[in-house]
Amino acid sequence: MSAELLNDQMNESNLSVKLLGVDSNQEYAQLQSHPRLPLSLSSLETWGFGMSGLLLWLGTGPGMHADLGTQAIWVWLPSAIVGMLINFQAKSLGTKWPQVSGGTANYTARLLNNYPVLARIAPIGYFVGWSSVPAINAIILTHLIQTTLSNIGLTCPETLLKITFTLLPFILAFSGTRALGILHLCFVIPALGFLLLFCLQGLGWLAFAPASPGLLPDTWSSFSFPGWAKWYFIAVYAIYDCETAASFVAESKRPATTLQCLPFVAWLIPPIYLGGSWLLMQLATQPGMGDDTFLNLLAAAKPFWGQSASWLVTLLIVCSCLLSSATAVSNCPRILYQLSLDGYLAPVFSVVSRQGVLGPALTFNLLIGASYLIWGDIAQILTVTGTGYLSFSILFHLALWLGRDQPAVKWPWLSLGFFMVELVVLVVGGLAWSWKDLLMGLLLMPGILLIDTAIRRIPFPPFQAAWWMQLYRPKSQGKAPDFMIRQVVVLICLICSTTTIGWLAGYYIEGSRNNSNTNNLFVVLLVTIAFMGVAIATWTSLPQVTALDQAREQAENLFITALDTVPDTILVVDEQGIINQANPAAEQLFGINNSNLLNHYLNEYLSGLVNQPSQWSYHSEQTLNNHHGLRIIETTISQRSKPSLREYIVILRDITERKLAEAQLQQTLQVKDELATQAINQAQELETTLKELQKTQTQLIQTEKMSSLGQLVAGVAHEINNPVNFIHGNLAHVSNYSQDLLDLIALYQEQYSNPIIQKHIEEIDLNYLIEDLPKTLSSMKVGTDRIRQIVLTLRNFSRLDEADKKPVNIHEGIESTFLILQNNLKGKAGEPEIEIIKEYADLPKIECYAGQLNQVFMNILSNAIHALRIEIEGKKIAAPSIRINTQLVDEKWVVIKIKDNGFGMNETVRARLFDPFFTTKSVGEGTGLGLSISYQIVVDKHGGNLECISSPGEGAEFLIKIPLKKY
């Protein structure tokens, strides 16, 4: 299996609730547990479905010939080429997606998975085209019967016949696909054989018979593009759908063999579609036949089939109609089924019974298909539904072009050309038929999707998957009488219907014995009653016979497999305890040939058993003395009934080695338990040691960190303090000296008025100097005071001289921390400044390790600043802030709350926040020790508590709780 196919199957099995379109996990679980379409069809049965598409030529060829004459061949020629290519393309896609039901329609949805609207519209267009087939065929068959009866002067109930022929394939489909598959196989081979004979024998007659008008026509009809487009519009509907075998690959027991049907059918397209049309062109030339299928085919067949032509043509038409209708009611539900699995339609359409009946999809198909009978006009139905099918074909070729990079897609450039041609045909051909019908066909597809939307939303029980699951749920034994009543009622109704048809047929035939048209009527009734007979069987005895046969076959296969392949010894003994059958494993157990073992009593070898098997225990342990010595044998006995006698199945297993092993195991269990206990104790000791080592390592790092930081801060404070004190102490003297000098200058001004001195006074602006010098000295004093305050703060923060616990003002520690972090609080490169909100309570002095507690404030505030500066998914905190709140609780505890308005953290991060070496920062930005050390300082050193409250989008708040005094 290729990796691509395996991936597709994994995606198929892992359907999400969203993909399925279900509204609850419960409904999703129900759908997952419900059966899928079983692999129940043989390759021959799938070939029967695949070949019935060729019979659709019978419904469209005569009408096209009647309208276009010799020009019809130019419609069939390009459409046949495209039809063949579609079959080869469908095989390639089926090889890629063998698990997909619905064939080409749902392959198109897969190709258009990036365009969900088109992925829904395309298969629905395919469904619309096929869903009309039963109604069209019902009208054709009714018209055929009317024509036959009118020739003998009789009439028939037209409406009743149309409804009956429409419902007939659905009656079969509701009983299971197997019945339809077998029916196809019985009728499609002779029908297709007669159709091929018609085409090949007719061409041979045209080429070689003396009475032939010649192989080539004498004159050719003038070419008209609107006329060509008009009938190409319909040809697409008839010839492109010869790939129906692909719809059943997912249910085939041999998918590869089923896919081989597609090229086989492709090579049959030219002789049937082109050969049959050529015969009509040359032989069905009598005037007055119009587009009547029967008359045109009869005229073409009479020259070489003679008097047999009438009933053979009737057989072809009836088989074509009923078989294509049966294919349609098998194909259409699978399209809806796969669309539902892929999430494009309501979940109810994915429900399937254990017999493989797609009840919801079939019911929907029946309602849509029966609605076409309202029009009653085949041309209008073909135009409306053909619009849907042609729309699908256009989107199919577009999908192939869009998926041209995929290996399964063949001839993408040709597909692009077909796409453009068919787009023109849709417009020109559709308008040539009727713009109203074209518009109606285009609206029909979104209309069905609107119905699907209503099914999803309307709380009507049959619209819910659970309702159908309950309906398909296996009934208990207590429901058997109800089944019998249903079986009898259905049997009576169907037999009465069949008898009535036979009686009417007999009446008509008896009344017109000498009329040749009775042969045609007989053929119609023969095939119809055959279908009715299968319907009777599928709804009455066939399900029981099939179930019994399958159960018998499974039981026999299981038993035979057990006898031949199971390594245990299996014996079949009669009610006297005599061995009748033995599997190959018995020879190794007993040490004798099976031929010598048979017809002996089992208790000859297992002495612990009594003579009568009815008295044996279901499960026991026996002893056997064989060539290996004394063995212990585990014996299990069950029974099965046959019509003639009761047999017992005895399963023997040598458990000697197991018993010895159990004894040895019992002896070693105690040692094992002791070793396990010892290992657990050692593990606990190692864990304790590891925790202590980790704690010691963290403390050493903290001590070193605090020592380094304290020495740095103390050294800087000391170095700054001496020069600042020198400057500050001399500022008073400088102030006094400057004042004395100013007084002296003032005295000189009073006593001397030398012009030179006066000029210099003006140059230096003496008045301003006298005014500004005291201010300058005052500013210098303020600056030195501030520096001395900063130095004092740094010394307070480091507190190297306070290694022991002392009462301190906690607010001073917080303020000194802010002073150190002041540069980080300011905005940089366009970042906003972090606002500090202080809510200090009136606190007494706290007995603590001041330097270590300051480190706690430093770690928490640094983390808060980092959290406010980070960017997540392109977003930053617009107005960052840190709120600090202090309060006294119960006169014993001080609580410090530090809260930021950042992005917060999830529970996973919050749970590991205080673990050593855990960090969410990038490599090089953090070691993961800060909060771990802070936790130890608060909890272990001060006997307090440190916790974090946070959730995504709500910021983070750290609560530091320490006692006023630790006792």
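**Salt bridges in the model**

Tutor: A network of salt bridges links Glu621, Glu634, Arg658, Lys659 and Glu662. A salt bridge here is a side-chain nitrogen of Lys or Arg within 4 Å of a carboxyl oxygen of Asp or Glu. This is a predicted model, where local features need pLDDT of at least 70 and side-chain atom pairs count only at pLDDT 80 or more, while totals for chains, interfaces and linings use all residues. Residues are numbered from 1 along each chain as its sequence is written, and side-chain values use heavy atoms, with hydrogens and water left out.

Student: How many salt bridges does this rule give?

Tutor: Side chains of opposite charge can pair when their charged atoms come close. Counting by the 4 Å rule, the total is 17 salt bridges.

Student: Which residue forms a salt bridge with Arg110?

Tutor: Arg110 sits in helix H7 (residues 104-111), and its partner is 232 residues apart, in the loop between helix H16 (309-341) and helix H17 (359-371). Helices are DSSP runs (H or I, at least four residues) and strands are too (E, at least two), numbered from the N terminus. With the closest N and O atoms 3.1 Å apart, the partner is Asp342.

Student: Is Arg869 buried or exposed?

Tutor: Arg869, in helix H32 (residues 850-869), pairs with Glu831, their closest N and O atoms being 3.7 Å apart. Buried means under 20% relative accessible area, exposed over 50%, and partly exposed in between (1.4 Å probe, protein chains only). The relative accessible area of Arg869 is 17%, so Arg869 is buried.
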